[in-house]
Amino acid sequence: MTAILADAPAAARWDSRRRAGRFLMFAAIVLLCAWVLLPIYLLIVNALSSPNEVTGFPKRMLPSFDTGSISFFINFAGVAKALWNSILVAALTMVLSIGIGAPAGYALSRFDFPGKEAFRFLVLMTRAFPLPLLALPLAVMFIRTGLDDTPVGLAIVHTTLALPFAVLITFSLFSGIPFELEEAAWTLGCTRLQAFWKVVMPLALPGIAASAVFAFTISWNEVFAAAVLTIENRTLTAFLLQSLNVSPLYLKFAGGAALVVPALIFIFAVRKYLFAMWGIANR
Amino acid sequence: MKTMMKLISGAALAMALGAGAAHAQVLFWSTQAKPVEETQKMRDQVLSGFEGGVDYQPQDDGPWLTRVQAELQAGSGTIGVLGALHGSLSSLAADLVDLSDVDLGGAKVNEAYRELATLDTGEQKYLPWMQATYIMAANKKALEFLPEGTDLDTITYDQLTAWSKNLAEKTGSPKFGFPGGPDGLKHRFFQGFLVPSYTKSMVTKFRSAEAEAGWNKFKELWQYTNPNSTNYAFMQQPLLTEEVWVAFDHVARLADAFNQKPDDFVAFPAPAGPAGRGFMPVVAGVAIPKTAPDMDKAKALVAYMLKPETQIATLRATNFFPVVEVTLPDDMPNSVKLSAPAVAAMTGAEDALPALLPIGLGDLGGKFNQVYTDTYERIVLGGQDVRAVLDEQADVLRGLLEQAKAPCWAPDAPSQGACPVE
Amino acid sequence: MTRSKALPYLLLAPATLFLCVFFLYPFVLVAHEAVTRDGAYTFANFRTMAEHWKFPATFWNTMLLAIVVVPLQLVLALTMASIVSRVESGRGAILYIFAIPLGISDLAAGLIWLAIFEQSGFLNTWLVGLGVADQPVMFLGYQSKLSIFVAVVLAEVWRATAIMMVILVAGMGLIPKEYGEAAEVFGASAWKRFTRVTLPLLRPSLQTAIILRVILAFEVFAVVAALGGTNLPVLMGETYHWQFALQDRNVAAAYAMLILAISIGFTLFFLYALRVPKEARP
């Protein structure tokens, strides 16, 4: 003890190093936040500028709050319904991918069994194959079975995209929850299901919610399948983004913003689950 | 959280069950009028007059084709009417309904296009819907750099090149622009404008010395072309931002510039080469797939699209010109006022050399276009040897025509059997 | 105990069934198209693909992009995740900001970065405004392949790092704090703690993050098309082109199979390279 106290210069050095470290950390945070936020800010500036300003040079750094382009989209026939469809399909995708993916993730984390690697492989392959080519056989199948042009049908396709994320994330999640906790519950007389429900589930729930967020954004942003598989029940992305690449510049940005903002609001609304993901082991 | 999930899934189920309801409106599945403003106008001003209602859905080519193919494979569908360019419809010929019994009222449809729309089958596979072509547009600032003795209405490729050179040297940066991006309509320029202007042919003289001269001229012009051209899809944008002062593009893709700043721009014909002023029309058609749920209603919509007043409304909405005889009212948008005289000057020019759209290629149309795009990319962007590239691409072209057994079309002389590539 | 043998299969059954019907079945149909032409089995589609004059450029562009983008993203994602797990106040806000690009589609991202890099865009406004350049610089012209490449890399790093970051944040959360504290007691520097304690324990999450990201990197398309036009052909773009513009589903399927094969190759590599030894599992 006394030795440490006597070593005052070393403590001071330690202290200044800490301060330097803090400053570095602070600088890094500011820099990284700017890196992420600046492009979004520029999009908003362009979306809130008049057509002339959008094509002009040099560009303004502050929006002129011309809402002409934005209101064009808000008044575009069918936007409200498309927004509802997008939310509906994304919510269904969330439910489906977690409902199917989480049990698989649990099995992968708790058991060793033949075929485990094959399954992991199959899951990953889903992501490695271009969806637009699969859209044709899928559409034929959907038309024949009546799934065509339904939110459920589209959610199924989006689930194949989101499932790998759901399985892999829940897999690493369950791996991080010590098996001993479950075993302890068994010895106290719980059945396997009870133990899972009462012990594992509460710990895993925030993380599961986070992987549901993934599913939501994947579905929200998917265009191709949405364009092919929905007619009456068009999603917002299929509705807007389809035509954006050939629309005038000022409408491109307004449309882009119209798509980005709801996604930002959604992530904001569920941010506490994203945050909770961090706390699982450090509660 | 849990109750929310339940609520959502409950609502979803209700929606899913209710979604099977019959499609009362005719679904118009189209690749045209995609820009959001045009879509809006198509719905509000063109199609709102059709009794029974239309659900107008514009799509990119990819989803458009995938959906059509899926419905045809499944043997049942929701699409009532297809709207697309000649090239997209010609690959579907076998699955389109014969439209020769559609009652068009008094509408007089352009005979050449009507013939084109039989797709060599003897049946009316589609009906022409609207037409357009390519013209040139220039910012008035560029006019003072025009080489002496150049009349815009009779401009040649040599003069255009000299002009662009002038512009590049005197303003400090290249000011000619070309829609060479992934969504730009470049293949038609090479097929229908550049190559015919130098060779009076599209296919037969593909690898001739005259064609070589044409490509070399374009390569020269390219030195004074804004390098961003490989990103451009619609020239109206760079014209408005003034990245580009002189541009070549489809009339509908220049319209926004003419409408927003009618006093800043002039429109004029595409240039002429030694063999004439080659130009190609762009024709869009309406067709009905075999799987259409309500055949009578679909045919009624096709007939409605060809009524003179619908055609004029379509012109206002999309900047595509009518394919039936009409008298245009005076209050047309600026884009029409500017581009119509340029189109007339081009098609009515003494050296006019109309080139037809490819006929009889079926689903090889895309690959036919690719021959010209590849040639451009290799010669102009890749800097490869012109002679060698033309020889190689000529082999590809010959293979395609032989596979399709397609006889020649204008401006090439009619042929017995597959159109030869000399 | 017999129940427990059947249990994993029961748990996997829904996912397996689902993937068989909605992925494997259409996949087999497409794969069949890749190896047939007019009804006969053949390698002609792969030959057509490989012999096309654009193929080498397409292939190497895709590879190069993945090789440059993924490591950059890994470093950035690790930095972000470390910050999030170490910062004391405002963690929620920082994590939210870092996660924002998750919600942005590749098409929208292409749009945003085009507004920055185009000739009359924001970057040129700054350069001219600061007097660095006399007149707008052309970043995306066909002669400047390098600046197109850099622009695409920046846009991809911006867009798709968040996904790795979130997985790594979750992984770091699972590492018991005691390990780091113990190392600190023994005098390990922050860097040493990171490389000797955090990274090895993070291996399962690293594996997941890298594999998912690498697979997605080979499917890069929308951002490249927005910024590079036709100047930077990539495999996914060519797949679309053959499928829709050239209407040759067989060759398009061949391209898709190639993308799949490359992804599988890299997946196997990372599964092996970052394998978690059995005895080290918790």
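## Folds, domains and contacts

Guide: Chain B has 15 helices and 10 strands, where helices (H or I, at least four residues) and strands (E, at least two) are DSSP runs numbered from the N terminus. This is a predicted model, in which local features need pLDDT of at least 70, side-chain atom pairs count only at pLDDT 80 or more, and totals for chains, interfaces and linings use all residues. Residues are numbered from 1 along each chain as its sequence is written, and chains are lettered from A and ligands numbered from 1 in the order in which they are written.

Visitor: What radius of gyration does chain B have, beside that of a compact globule?

Guide: The radius is taken over C-alpha atoms, and the globule rule is 2.2 Å times the number of residues to the power 0.38. With 422 residues, the rule gives a value near 22 Å, and chain B agrees with it. The C-alpha trace spans about 70 × 55 × 50 Å along its principal axes. The radius of gyration of chain B is 23 Å.

Visitor: What percentage of the residues in chain B are buried?

Guide: A residue is buried if 20 or more other C-beta atoms, placed from the backbone, lie within 10 Å of its own. By that count, the buried share of the 422 residues in chain B is 57%.

Visitor: Which element of chain B gives the most to the side of domain 1 that touches domain 2?

Guide: Domain bounds come from an automatic or database domain assignment, and chain B is divided into domain 1 (21-131 + 282-339) and domain 2 (133-281 + 348-404). Their C-alpha centres lie 28 Å apart, and 18 residues of domain 1 are in contact with 21 residues of domain 2 (C-beta atoms, placed from the backbone, within 7 Å). On the domain 1 side, α4 (86-90), β9 (281-287) and α13 (334-347) of chain B each supply at least two residues. The largest share, 4 residues, comes from α13(B).

Visitor: How many charged residues are on the side of domain 1 of chain A that touches domain 2 of chain A?

Guide: Chain A is assigned domain 1 (2-68) and domain 2 (74-279), and 32 Å separate their C-alpha centres. The contact takes 7 residues from each of domain 1 and domain 2 of chain A, with α2(A) giving the largest share of the domain 1 side, 4 residues. Ala, Val, Leu, Ile, Met, Phe, Trp, Tyr, Cys and Pro count as nonpolar, Asp, Glu, Lys and Arg as charged, and the others, Gly among them, as polar. The domain 1 side has 5 nonpolar and 2 polar residues, and the number of charged residues is none.

Visitor: Which element gives the most to the side of chain B that touches chain A?

Guide: This contact joins 39 residues of chain B with 33 residues of chain A. The chain B side has 16 nonpolar, 15 polar and 8 charged residues. With 9 residues, the element that gives the most is α3(B).

Visitor: How many nonpolar residues are on the side of chain A that touches chain C?

Guide: Here 74 residues of chain A are in contact with 79 residues of chain C. The largest share of the chain A side, 12 residues, comes from α2(A). That side also has 14 polar and 4 charged residues, and its nonpolar residues number 56.

Visitor: At roughly what angle do the axes of α4 and α7 of chain C cross?

Guide: Axes are lines fitted to C-alpha atoms, for helices over the stretch in contact, and angles run from 0 to 180 degrees between N-to-C directions. C:Leu95, C:Phe98 and C:Ala99 of α4(C) meet C:Ala162, C:Met165, C:Val166 and C:Val169 of α7(C), a contact of 7 nonpolar, no polar and no charged residues. The axes of α4 (residues 91-99) and α7 (residues 145-173) of chain C come within 9 Å and cross at roughly 145 degrees.

Notes:
Contact = placed C-beta atoms within 7 Å. Buried ≥ 20, exposed ≤ 12 C-beta atoms within 10 Å, placed from the backbone.
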